[in-house]
Amino acid sequence: MAAPREIEANEYLQNHKIMELFHNITGQLVFHRPDNPKAFMIDYIEKLKEGRTTQMNYPCLFDDTNIESVFGMLDPTKKGHITLEQYREAMATLGCENIDENPTGAESGRVTADIFAREVKMGLKKASATFKPTM
(Lines give C-alpha, C1' and ligand atoms only; values in the text may rest on other atoms or scores of the structure.)
Protein backbone atom coordinates (compact mmCIF):
# COMPACT_ATOMS: atom_id res chain seq x y z
CA MET A 1 0.00 0.00 0.00
CA ALA A 2 1.30 3.46 -0.90
CA ALA A 3 2.32 5.82 1.86
CA PRO A 4 0.23 8.99 2.37
CA ARG A 5 3.08 11.21 1.09
CA GLU A 6 3.38 9.12 -2.07
CA ILE A 7 -0.37 9.36 -2.65
CA GLU A 8 -0.22 13.14 -2.12
CA ALA A 9 2.68 13.44 -4.54
CA ASN A 10 0.86 11.42 -7.21
CA GLU A 11 -2.31 13.45 -6.77
CA TYR A 12 -0.30 16.66 -7.10
CA LEU A 13 1.35 15.43 -10.32
CA GLN A 14 -2.03 14.41 -11.77
CA ASN A 15 -3.93 17.52 -10.69
CA HIS A 16 -1.33 19.85 -12.17
CA LYS A 17 -0.62 17.69 -15.26
CA ILE A 18 3.11 17.71 -14.52
CA MET A 19 3.85 14.48 -16.39
CA GLU A 20 1.96 15.73 -19.45
CA LEU A 21 4.02 18.92 -19.35
CA PHE A 22 7.28 16.94 -19.25
CA HIS A 23 6.11 14.70 -22.10
CA ASN A 24 5.17 17.71 -24.23
CA ILE A 25 8.44 19.52 -23.54
CA THR A 26 10.44 16.38 -24.29
CA GLY A 27 8.54 15.87 -27.55
CA GLN A 28 9.17 19.46 -28.57
CA LEU A 29 12.88 19.19 -27.74
CA VAL A 30 13.33 15.99 -29.74
CA PHE A 31 11.38 17.38 -32.69
CA HIS A 32 13.07 20.81 -32.85
CA ARG A 33 16.50 19.95 -31.40
CA PRO A 34 17.31 23.55 -30.45
CA ASP A 35 20.88 24.70 -29.94
CA ASN A 36 19.90 26.17 -26.58
CA PRO A 37 17.48 23.70 -24.95
CA LYS A 38 17.05 25.72 -21.74
CA ALA A 39 16.03 28.89 -23.61
CA PHE A 40 13.75 26.77 -25.82
CA MET A 41 12.02 25.26 -22.77
CA ILE A 42 11.54 28.69 -21.21
CA ASP A 43 10.03 29.96 -24.47
CA TYR A 44 7.80 26.89 -24.69
CA ILE A 45 6.50 27.40 -21.15
CA GLU A 46 5.87 31.09 -21.93
CA LYS A 47 3.80 30.01 -24.96
CA LEU A 48 1.84 27.61 -22.78
CA LYS A 49 1.15 30.42 -20.30
CA GLU A 50 0.00 32.66 -23.14
CA GLY A 51 -2.20 29.89 -24.50
CA ARG A 52 -3.74 29.44 -21.09
CA THR A 53 -4.51 33.15 -20.87
CA THR A 54 -5.84 33.57 -24.40
CA GLN A 55 -7.28 30.04 -24.73
CA MET A 56 -5.65 29.79 -28.17
CA ASN A 57 -2.28 29.33 -29.88
CA TYR A 58 -1.10 26.42 -27.79
CA PRO A 59 2.30 25.16 -28.94
CA CYS A 60 1.83 21.95 -30.89
CA LEU A 61 3.89 19.68 -33.14
CA PHE A 62 1.07 19.40 -35.68
CA ASP A 63 0.12 22.18 -38.05
CA ASP A 64 -2.60 22.36 -40.73
CA THR A 65 -0.36 20.66 -43.29
CA ASN A 66 0.22 17.70 -40.96
CA ILE A 67 -3.50 17.38 -40.27
CA GLU A 68 -4.28 17.48 -44.00
CA SER A 69 -1.65 14.79 -44.59
CA VAL A 70 -3.19 12.51 -41.97
CA PHE A 71 -6.62 12.98 -43.51
CA GLY A 72 -5.16 12.31 -46.97
CA MET A 73 -3.69 9.01 -45.76
CA LEU A 74 -7.09 8.03 -44.39
CA ASP A 75 -8.83 9.08 -47.62
CA PRO A 76 -6.46 7.84 -50.36
CA THR A 77 -9.22 7.76 -53.01
CA LYS A 78 -10.07 11.42 -52.29
CA LYS A 79 -13.75 10.83 -51.50
CA GLY A 80 -13.68 13.87 -49.21
CA HIS A 81 -14.66 11.97 -46.10
CA ILE A 82 -13.54 9.17 -43.81
CA THR A 83 -15.51 6.72 -41.73
CA LEU A 84 -16.41 7.36 -38.14
CA GLU A 85 -14.17 4.45 -37.11
CA GLN A 86 -11.21 5.95 -39.02
CA TYR A 87 -11.87 9.26 -37.31
CA ARG A 88 -11.90 7.69 -33.85
CA GLU A 89 -8.75 5.66 -34.50
CA ALA A 90 -6.92 8.70 -35.89
CA MET A 91 -7.88 10.81 -32.90
CA ALA A 92 -6.58 8.13 -30.52
CA THR A 93 -3.37 7.76 -32.53
CA LEU A 94 -2.80 11.53 -32.45
CA GLY A 95 -3.24 11.56 -28.68
CA CYS A 96 -6.54 13.43 -28.71
CA GLU A 97 -8.58 12.44 -25.66
CA ASN A 98 -12.11 13.36 -24.58
CA ILE A 99 -13.10 13.94 -28.19
CA ASP A 100 -16.54 14.37 -29.67
CA GLU A 101 -17.31 10.71 -30.42
CA ASN A 102 -20.06 11.74 -32.83
CA PRO A 103 -18.97 14.92 -34.62
CA THR A 104 -21.02 16.60 -37.33
CA GLY A 105 -21.59 14.05 -40.09
CA ALA A 106 -21.36 11.07 -37.75
CA GLU A 107 -25.04 10.29 -38.26
CA SER A 108 -24.18 9.32 -41.85
CA GLY A 109 -21.00 7.54 -40.75
CA ARG A 110 -18.85 10.11 -42.56
CA VAL A 111 -16.45 12.75 -41.29
CA THR A 112 -15.34 15.41 -43.76
CA ALA A 113 -11.86 16.94 -43.94
CA ASP A 114 -13.12 20.21 -42.40
CA ILE A 115 -14.75 18.46 -39.45
CA PHE A 116 -11.71 16.23 -39.00
CA ALA A 117 -9.36 19.23 -38.96
CA ARG A 118 -11.57 21.10 -36.48
CA GLU A 119 -11.79 18.12 -34.13
CA VAL A 120 -8.06 17.36 -34.35
CA LYS A 121 -7.20 20.98 -33.56
CA MET A 122 -9.51 20.95 -30.54
CA GLY A 123 -8.13 17.60 -29.40
CA LEU A 124 -4.52 18.74 -29.79
CA LYS A 125 -5.34 21.97 -27.99
CA LYS A 126 -6.61 19.95 -25.04
CA ALA A 127 -3.55 17.69 -25.17
CA SER A 128 -1.19 20.69 -25.29
CA ALA A 129 -2.94 22.48 -22.44
CA THR A 130 -0.68 21.02 -19.80
CA PHE A 131 -2.08 23.00 -16.93
CA LYS A 132 -4.78 22.48 -14.39
CA PRO A 133 -8.05 23.64 -15.92
CA THR A 134 -9.68 26.60 -14.24
CA MET A 135 -13.28 26.30 -13.19
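The legends below describe close-up views of a predicted model.

**View 1. Helix α1 and the residue that follows it.** Helix α1 covers residues 4-15, and its 12 residues, taken at 1.5 Å a residue, should span 16 Å, which agrees with the 16 Å that separates its end C-alpha atoms. After α1 comes Lys17, a residue whose phi is positive, near 55°.

**View 2. The salt bridge between Glu8 and Arg5 in helix α1.** A search of the whole structure finds four salt bridges, and one of them joins Glu8 to Arg5, with the closest N and O atoms 3.7 Å apart. Because Glu8 and Arg5 are three residues apart in helix α1, about one helical turn separates them. The two partners fall into separate accessibility classes: Glu8, at 46% relative accessibility, counts as partly exposed, whereas Arg5, at 66%, counts as exposed, the cut-off for exposed being over 50%.

**View 3. The salt bridge between Asp64 and Lys121.** In this pair the closest N and O atoms of Asp64 and Lys121 are 2.9 Å apart.

**View 4. The salt bridge between Arg118 and Glu119.** The side chains of Arg118 and Glu119 meet in a salt bridge with an N to O distance of 2.7 Å. Arg118 has a relative accessibility of 36% and therefore counts as partly exposed, while Glu119, at 4%, counts as buried, a class that requires a value under 20%.

**View 5. The largest nonpolar core.** This core has 18 residues, and those with the most contacts inside it are Ile82, Tyr87, Met91, Cys96, Val111, Phe116 and Val120. Two or more residues are given to the core by each of the elements α4, α5 (84-93) and α6. Of the elements that contribute, α6 gives the most, with five residues.

**View 6. The surroundings of Tyr87.** Tyr87 is among the residues with the most contacts inside the largest nonpolar core. When residues up to four places away in sequence are not counted, Tyr87 touches Ile82, Ile99, Asp100, Glu101, Pro103, Val111, Phe116 and Glu119. Three of these neighbours, Ile82, Val111 and Phe116, are also listed with the most contacts inside that core, and another, Glu119, is the residue that meets Arg118 in a salt bridge.

Definitions and conventions: Residues numbered from 1 in each chain as written. Predicted model: local features only at pLDDT ≥ 70, side-chain atom pairs only at ≥ 80, totals over all residues. Heavy atoms only, no water. Helix = DSSP H or I, 4+ residues; strand = E, 2+ residues; numbered from the N terminus. Expected span 1.5 Å × (residues − 1). Buried < 20%, exposed > 50% of the residue type's maximum accessible area, 1.4 Å probe, protein only. Core = buried A, V, L, I, M, F, W, Y, C linked by side-chain atoms within 4.5 Å. Contact = heavy atoms within 4.5 Å.
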